[in-house]
Amino acid sequence: MTKLSTSSNFVKPDDAFRMILEAHRGLEDSASHALDTALVLILANHIGDLDVLREAIALAEQSAGKQ
Amino acid sequence: MSAVRQFGYSRHPDQDRDRLRAAHHDVVVVGAGPVGLSLAIDLAQRGQRVVLLDDADRIGEGSRAICFSKRSLEYWDRLGVGQRMVDKGVVWKVGKIFARDALLYQFDLLPEPGHKRPAFINLQQYYAESYLADRTAELAAIDLRWSNKVTSLERHNDHCELTIETPDGPYRVSASYVVACDGARSALRGMVGADFEGQAFEDQFLIADVKMTAAFPTERWFWFDPPFHSGRSALLHRQPDDVWRIDLQLSRDADPAVERRPENVRPRIERMLGNGNFEFEWISVYRFHCRRMRRFVHDRVIFAGDSAHQVSPFGARGANSGLEDAENLAWKLALVLSGDAPESLIESYNTERSAAADENIRESTRSTDFMAPATAQEARMRQAILALAKDTEFAKRMVNGGRLSVPSVYDTPLSTPDADEWSAGPRPGSSLVDAPLTDDGKDIYLSDAFAENRDGFALLEFANGTSAEIDANVRRIWIGGDGLADTEGLAMKRYDATPGAAYLLRPDGYVAARFRHPSKDGVAAALARANGLQ
Ligand SMILES: Cc1cc2nc3c(=O)[nH]c(=O)nc-3n(C[C@H](O)[C@H](O)[C@H](O)COP(=O)(O)OP(=O)(O)OC[C@H]3O[C@@H](n4cnc5c(N)ncnc54)[C@H](O)[C@@H]3O)c2cc1C
């Protein structure tokens, strides 16, 4: 049973993508890593569901493996 | 230096016996550390004769455990030594976590009143061992033999044979059961051909006990990256006798022989305390492990305490969990030896305490990983949490400076699942929750009422006219009516009780079953199940 939503949830997905991208713009790699790390933890807590988190990690691992 | 206590070796008639006619004993406990001593006392109080062997003839060298949990104190109350431990120990319940020099958050391990015992006391392990050793001397059923080192073990179908080395040379005994409480370096583990599996941490920790008069509160203070010990963690905790435990994380490649030298430790601690007014009691450098045996029961050789499982000390889960092993095993072994329960009851010790060991290993591994991140990304994650924790609740709760020992909850075949609706109270497989009561106007605690019942099952009943008809061997703890008065209503509340409700308590204070309206058959079936008769 999947709980993770992979349908498009933003009205304007480009805005969301852009927002994250701009947060990183101009940052050194180390600062970018730190930002992403904090972001992952904040969003994971917001979701607050271990099953969703597990599925998200699995999907991320799968896609990272394809790159 | 710490108070070393010397015990004498004395020759035992068993040593004069012919090799082929070795003396036979029901139970031999190997190792008189906190676990072996407690187990021997518990077995003796349950009517068993115990031979307790230790290869040393003294206690009090070095310093190890300091934090003893409420659960351990409740157990020691039943063994008749709890009050002495609490009188000598320092009571605490608050922990503070600092990042750099700012307080990040604090926790209270026992926020509610109405419990006999505090969340924790700090007490040097050698005091605990010394008081337990005194207690063994009061029990004629315990035969404690110092300077008796087990050097070999042969396993047979219904007994074991041990070879024991003494200052007078070796001798042999046979035993129906051997309990190996011989510590993390257990030789008996090797003698049954078992291994010890788990994780070793590369980081090293300097542990120093220093004597000083200081005005710090009796709280557990833990720092990440403090100004006095940049980039690493530190811990400060009070013990009795104006002794303070200081724990400083070192690097992976630090040379323990160099780091241990007082002249190298002194400046580190001066930086921490801001002065040099202290003396060393003890200094050591550790590398921690989290590991366990796959099985704790090898036919008639049973492992308990550090011999069976080892954790890093950041949750005070070592000795405390070993004591839980002892209390879990003692009543089962006593029932098996007296023929009142099948041998298979021992298997539930393996089931229950293996799961507990997994939990303790999981918790202390997580703490140690948080303190000593293994990769760059782990370090970044920790950094992010520490930074977010200043302003957010969620991140505070992820900061892991040690999750302190709490009693395990067992999913066990000995429990009878709830048939009634309960919205609170300890579920089957959980341990007794304390509550204040009065007995003829005198203040007592539920844990006291339970402790009086040292050797059997008890039915905790909340009065509603007549009490349930039950097995004569089960003692009753009767609350309300003409029994103990629940003046503050806390027992009722903590057990989610309604008039007539009852909890069946195992001899180790764990809930075996609970009933809104106990019937004779229902209680009898739960009792049989908890005795392994089903
Ligand atoms: C720095 C540090 C801090 C700690 N802090 C805490 C804490 O705050 N709280 C906590 O709960 N735990 C703590 N621990 C863990 C705790 O010290 C151990 O878990 C505890 O000592 C285990 O008790 P034990 O009886 O199983 O084994 P041990 O205490 O190791 O006792 C084993 C005994 O067996 C004897 N023996 C060994 N081999 C033989 C043999 N062949 N024949 C006869 N006798 C033998 C030994 O002489 C010894 O007396 C800490 C440990 C360390 C190192």
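Predicted model: local features only at pLDDT ≥ 70, side-chain atom pairs only at ≥ 80, totals over all residues.
Surface patches are made of residues with over 30% relative accessible area and no salt bridge, and nonpolar side chains are joined within 5 Å. Leu50(A), Leu53(A) and Ile57(A) make a nonpolar surface patch of about 270 Å². Leu53(A) sits in helix H3 of chain A, which spans residues 50-66. The relative accessible area of Leu53(A) is 31%. Leu53(A) therefore counts as partly exposed, because that class lies between the buried limit of under 20% and the exposed limit of over 50%. The 31% of Leu53(A) also meets the patch requirement of over 30%.

Along the sequence, the pattern reads α-α-α. The C-alpha atoms of chain A fill a box of roughly 40 × 25 × 25 Å along the principal axes. Chain A holds 67 residues, and 12% of them are buried.

Attention now turns to the ligand. The shell around the ligand contains 29 residues. Asp54(B), Asp55(B), Gln125(B), Asp306(B) and Asn320(B) come nearest. By class, the shell divides into 14 nonpolar, 8 polar and 7 charged residues.

Three elements of chain B each supply at least two residues of this shell: helix H1 (34-45), strand E11 (149-155) and helix H8 (318-337). Helix H8(B) gives the most, with 3 residues.

A polar side-chain atom of Asp54(B) lies 2.7 Å from a ligand oxygen. Asp54(B) is also among the residues that come nearest to the ligand. On the backbone side, a polar atom of Ala319(B) is 2.9 Å from an oxygen atom of the ligand. A backbone N or O atom of Val35(B) lies 3.1 Å from a ligand oxygen. Taken alone, the ligand exposes 1,000 Å². The protein buries 89% of that area.

Terms used. Residues numbered from 1 in each chain as written. Chains lettered and ligands numbered in written order. Heavy atoms only, no water. Patch = residues over 30% accessible without salt bridge, like charges linked within 9 Å, V, L, I, M, F, W, Y side chains within 5 Å. Areas by Shrake-Rupley, 256 points an atom, 1.4 Å probe, with all protein chains shown as cover. Salt bridge = Lys/Arg side-chain N within 4 Å of Asp/Glu carboxyl O. Helix = DSSP H or I, 4+ residues; strand = E, 2+ residues; numbered from the N terminus. Buried < 20%, exposed > 50% of the residue type's maximum accessible area, 1.4 Å probe, protein only. Near = heavy atom within 4 Å. Polar contact = N/O pair within 3.5 Å; in protein donor to acceptor, adjacent residues only side chain to side chain. Nonpolar A, V, L, I, M, F, W, Y, C, P; charged D, E, K, R; others polar.
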